Amino acid sequence: MNFAPLPSVEAAAVPADGLVLDVREADEWAAGHVEGALHVPMSDFVARFGQVTEALADGRRAFVMCRVGGRSAQVTQYLVQQGLDAVNVDGGMLAWEGAGRPMVTESGVPAHVL
């Protein structure tokens with residue numbers, strides 16, 4: 001059985017106004033995240049799927065991100081199977097940070113990838 005390759009994009013290529021879907025856990029999110037990202041931890045994903053579909057209702061593409069790309073790949077695959085436009089961010093938050101893309105925290109301390 002052949003599977004279509006998972007749609008993916010480099011962290012540096014995510015548009016500044018792109019909808020980033022962060023599937024990391026709360027402690028990882030608190031350490032540093034993409035400003036304006038939608039945070040739905042993978043552990044809550046099925047329960048909060050409606051929130052994700054609402055965010056993508058206008059045909060927006062989700063740029064799915066975790067720490068290195070493993071969890072986000074699973075979520076991206078699930079979203080694509082549901083007929084939604086989703087791409088995995090290769091290398092996740094580590095690649096995002098490495099590309100010099102901006103990160104924020106809610107506490108105001110300097111952001112980092114946990």
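I looked up the pairing of β1 first: β1 and strand β5 (residues 86–90) pair in the parallel sense over three bridges. In β5, N88 is the bridge partner of S8. I count two strands as paired if DSSP finds at least two bridges between them. Strands (E, at least two residues) and helices (H or I, at least four) are DSSP runs, numbered from the N terminus.

The model is predicted: local features need pLDDT of at least 70, side-chain atom pairs count only at pLDDT 80 or more, and totals for chains, interfaces and linings use all residues. Residues are numbered from 1 along each chain as its sequence is written, and side-chain values use heavy atoms, with hydrogens and water left out.

Next, the whole sheet. I find an open sheet of five strands, ordered β1-β5-β4-β2-β3, with parallel pairing. β1 (8–10) and β3 (38–39) stand at the edges with a single partner strand each, so one side of each is left without a neighbour in the sheet.

Then I turned to β2. β2 pairs with β4 in the parallel sense over four bridges, and A62 in β4 is the bridge partner of L19. Two bridges join β2 to β3, again parallel. L21 stands opposite L38 in β3.

Is β2 buried or exposed on its faces? Both faces are covered: L19 and L21 on one side, V20 and D22 on the other, are all buried (under 20% relative accessible area; exposed is over 50%, partly exposed in between; 1.4 Å probe, protein chains only).

β2, helix α1 (residues 26–31) and β3 make a right-handed β-α-β unit. Right-handed means that, with the strands pointing away from the viewer, the path from the first strand over the helix to the second runs clockwise.
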